[in-house]
Amino acid sequence: MAVFHLNVNGKRYEVDVDPSTPILWVLRDHLNLVGTKYGCGIAQCGACTIHLGDAAVRSCILPVSQVGTQPITTIEGLSANGDHPLQRAWIEHDVPQCGYCQAGQIMNAAALLKANPHPTDEEIEAAMNGNLCRCGTYTRIKAAIKSVAKR
Amino acid sequence: MTLVKTKYGRRSFIKTTVLASGGMLLGFSWLAGCRPSGQESATEWPDEWFEINGFIKIGDNGLVTIMSPNPEIGQNVKTSMPMIVAEELDVDWKQVVVEQAPLNTEIFTRQLAGGSQSIRQGWHSLRMAGATARQLLRQAAAQAWQVPLEEVKTQAGTLKHTPSGRTAGYGTFAAAAARLPIPEEVPLKDPKDFRIIGTSRKNVDGNKIVTGEPLFGIDYRRDGMLIAMIAHAPAFGMKLESLDAEVARRMPGIVDVFTIKTFADDYERQWCDTAAFNELVAVVGQTTWQVWQAKKALRIKWAPVAELESSSLHRARMRAMASQPAQVLRRDGNPEAMFRKAARIIERTYTAPFLAHNTLEPMNFFAHVTEERAELVGPTQTPEFMEKTLAARLGMPLEKIDIQMTRQGGGFGRRLYGHFMVEAALISKKVQAPVKLIYTREDDMSFGNYRPAYYATYRAALDENNQLLAFHVCAGGIPESPLFPNRFPAGAIDHYLAESWSVDSNISIGAWRAPRSNFIAGAEQAFLDELAEAMGQDPIEFRLALLERAKNDPVGADNDYDPARYAGVLELVRQKSDWGKALPEGIGRGVAAYYCHNSYVAQVVDLRIDAGKPIIENVCCAVDCGLVVNPDAAANMVEGGTVDGIGHALYSELSFRDGAPEQTNFDRYRLIRHSEAPKNIEVHFVDSHEHPTGLGEPPLPPVMGALANAIYRATGQRVYHQPFIKHHPLLG
């Protein structure tokens, strides 16, 4: 066990955990931030996507010991009132079915648009390819992203 | 307006007396209500709630809570079922809060997610719940105003007496309405007066989903809660021999390691008790990561106790079975004689592998079992049946078992089989603490109740003029047959034979989105396409002619479809897809249609092949599910089923070697991804006032056929074996 100081959604946290613990489980079990989902544990489904700085990362394979001082943003901290343009677009397009993968989809899309505010269809597909949706909401996800990218 | 006997007595509409201390203060508990997304509610939280019946509570300020009875697995019943109640209650949707009901067999019927039946079977009781509450409110107002009941009208949450000009919100009379006896009969709205049903309403959990609020079973927590994981045999046909947990037990945070037996040896299992691995190792500790690490440190010996099957063996067994006489499930006319005299016989064989459910939220459940009661919270599609299983296993009466349903990260049939609820309960009982059991993805994929492996051979006899003489299907699978002997084209062909077979297996199977249809539809629709081509006919005209025959002069009496509605979706898809138009170079277009789970779906797929990669440009869907309750959400379901069907037919496979699945996570198990999904999906509904039916399953089966037919048109080569990407020479 070791003590780590984390900056999550603009707040300071101190956790005492095994250094190998993926940040996903620190968020879920220790900080009670459960919006970030477990789906595969091997960075293949994208349900656990968070931002480390501005980059989208898979929190299920990122040990807490590697985070350092980089700020973490989770779905809970993406916007103050759930009003990030992508969150609004997700509601507008009524994207979710079961909803389980959607936090990861939104976090991944948010990082994409921050780096590339006007992506092509191909760039959206390439950037989003690591995020699985078993319900098959892909067409709505893309429509929601495009509606924000157009603005 | 029609008057309908309530039929529902006090047992169904239990009314609680108003609590002395300010009514029923509900507040937002963990599982409690949510206001519909995407709209601001004009009303603040009330001081007092009055329970009108088991479905409806009305606040003193007019806010309405509607209980959603059925499990929400992504089919959106948590929005559409309350919409039906709200319609008959005649309330403004903005004044509605939706709350997930717990399992309560006293109030609700069929709290189950399966067979695309929630809307179809819930329709009447949901309407009656709303209509009864509306009637009670009108009665309360009529009494208070001393006017005839007929003169009290409602409009969007307001009671009105026009002659005297009096109006009042529902909240004003909620207390009085809650004290009235249930009326003998109540008026139901004329569908032409619907103002909520038939309009698109956003997912009521939408805001919570996009902001990451706790919603799902895996998100549930309780003070003092421990985390549990299980280890199961690595292969079907193996069982636990010995456990050495010395290392694991000493690891940080670990509370206990022990074995459990999910079902007792003398227990007679229900249909929902399927679980191949009955003896498990349970690891319990403080945090998920600690428990996971200890699970990895277990030293377990597993011993083979039955045959360890492999996919190569399955294929050999299926080929052998297919060449033998099978069980005849339907014979019309004299198909054997027709095949003997045929000028030409077309015979094609179609296969598909086992599939895992792969709900993105793995199996999990919270349990807290004490001497007094058992409390369970989590994702289940079948709480009512599992309550009985839990009662038997824990030796407790049903009333001591409390099951609450969370939102569920997918179901697709997997959560019908609730062995993980029993496992969580047994673990909680042993450690005497609240426990949340979590499966890893590998546990989830390798401890499945899978879609079976299937095999179907179709034969058609043609005369010298290329006219269809007879039709023969012989289908089977491991361990069940996909055959529906009375579905189309049965009823449309004079000489018809349907045969079935199956091969036993140690691999456990279960309902997987549109069971059996999820294979046989695609096979049948691909064969009909090839048959139409051989007969020189347009694939839609060919089907319509058969349906015309089934409508005017059906063969046999047991045909499982309405030919007119079946033809209706084909005609609609023909029109909407502009069937027959010239297509751009390289585009292949395929059509299919199917009827299952009470709804009709036809699809036209347009695709091209780019360097071996299928690019699905467009899917045009025509759907007849009767009256459409929530059109945009219904379209979402059709889009999802379409993507899911295309994905599984093209890419997915669970293969076995020595009893073990060869894919246990998404690195090797391929699910369709963003770049592979259709670029566009159009959904068109048949304008209908028929009884509404479901959409969770019907859009999936036919698209597999439409896809296969489009691949043929684009490549010139037909594909008979799923996953297509692996078996078509020009793909991959």
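**Contacts between and within the chains**

Modeller: Lys37(A) and Asp219(B) form a salt bridge, with the closest N and O atoms 2.7 Å apart. Bear in mind that this is a predicted model.

Biologist: How many salt bridges does the rule find across the interface of chain A and chain B?
Modeller: Side chains of opposite charge can pair when their charged atoms come close. The pair Lys37(A) and Asp219(B) is a salt bridge, at 2.7 Å from N to O. Across the interface of chain A and chain B, the rule finds a total of 6 salt bridges.

Biologist: Which element gives the largest share of the side of chain A that touches chain B?
Modeller: Polar contacts across the interface of chain A and chain B come to 30 residue pairs. On the side of chain A that touches chain B, the elements giving two or more residues are helix H1 (23–30), helix H2 (85–92), H3, H4 and H5 of chain A. The largest share is 5 residues, and it comes from H5(A).

Biologist: How do the residues of the side of chain A that touches chain B divide into nonpolar, polar and charged?
Modeller: In the contact between the chains, 52 residues of chain A meet 62 residues of chain B. The side of chain A that touches chain B divides into 22 nonpolar, 20 polar and 10 charged residues.

Biologist: What is the area buried between chain A and chain B?
Modeller: The size of an interface is often given as the accessible area lost when the parts come together. Carbon and sulfur atoms give 56% of the area buried between chain A and chain B. That buried area is about 4,800 Å².

Biologist: Within what arc do the buried residues of H4(A) fall?
Modeller: Helix H4 (residues 121–128) of chain A has Ile124(A), Glu125(A) and Met128(A) buried. Seen down the axis of H4(A), the buried residues line one face of the helix, because they fall within an arc of 95°.

Biologist: Which helices do the buried residues of H4(A) pack against?
Modeller: An α-helix has 3.6 residues a turn, so residues three or four places apart point the same way. On the other side of H4(A), Glu122(A) and Ala126(A) are exposed. The buried residues of H4(A) pack against helix H3 (102–115) and helix H5 (138–149) of chain A.

Biologist: Is Asp529(B) buried or exposed?
Modeller: Asp529(B) forms a salt bridge with Arg713(B), the closest N and O atoms being 3.0 Å apart. This pair links distant parts of the chain: Arg713(B) is in helix H16 (residues 700–715) of chain B and Asp529(B) in helix H12 (residues 517–534) of chain B, 184 residues apart. Arg713(B) is partly exposed, at 35% relative accessible area. With a relative accessibility of 1%, Asp529(B) counts as buried.

Biologist: Which residues do salt bridges that share partners join into one network with Asp529(B)?
Modeller: Arg718(B) also meets Asp529(B) in a salt bridge, at 3.0 Å from N to O. Arg718(B) sits in the loop between H16 and helix H17 (724–727) of chain B, 189 residues apart from Asp529(B). Arg718(B) is buried, because its relative accessible area is 14%. The network joins Asp529(B) with Arg348(B), Glu530(B), Glu533(B), Arg713(B) and Arg718(B).

Biologist: How many residues apart are Glu307(B) and Arg317(B)?
Modeller: The side chains of Glu307(B) and Arg317(B) form a salt bridge, at 2.7 Å from N to O. Glu307(B) is in the loop between strand E14 (299–304) and helix H7 (311–322) of chain B, while Arg317(B) is in helix H7, and the two are 10 residues apart.

Biologist: What is the relative accessible area of Ser68(B)?
Modeller: Ser68(B) is in strand E4 (residues 64–68) of chain B. Beyond four places in sequence, Ser68(B) touches residues including Val77(B), Met81(B), Pro82(B) and Val98(B). Ser68(B) is buried, and its relative accessible area is 0%.

Biologist: Which residues does Ala282(B) touch, not counting residues up to four places away in sequence?
Modeller: Ala282(B) lies in strand E13 (residues 279–285) of chain B. It counts as buried, because its relative accessibility is 0%. Ala282(B) touches Met229(B), Asp256(B), Val257(B), Phe258(B) and Ile427(B).

Conventions
Residues are numbered from 1 along each chain as its sequence is written. Chains are lettered from A and ligands numbered from 1 in the order in which they are written. This is a predicted model: local features need pLDDT of at least 70, side-chain atom pairs count only at pLDDT 80 or more; totals for chains, interfaces and linings use all residues. Side-chain values use heavy atoms; hydrogens and water are left out. A salt bridge is a side-chain nitrogen of Lys or Arg within 4 Å of a carboxyl oxygen of Asp or Glu. Helices (H or I, at least four residues) and strands (E, at least two) are DSSP runs, numbered from the N terminus. Buried means under 20% relative accessible area, exposed over 50%, partly exposed in between (1.4 Å probe, protein chains only). The arc is that of the directions from the helix axis to the C-beta atoms. Contact means heavy atoms within 4.5 Å. Buried area is the accessible area (1.4 Å probe) that two parts lose on being put together, summed over both. A polar contact is a pair of N or O atoms within 3.5 Å; within protein, one must be able to donate a hydrogen and the other to accept it, and residues adjacent in sequence count only if both atoms are side-chain atoms. Ala, Val, Leu, Ile, Met, Phe, Trp, Tyr, Cys and Pro count as nonpolar, Asp, Glu, Lys and Arg as charged, and the others, Gly among them, as polar.
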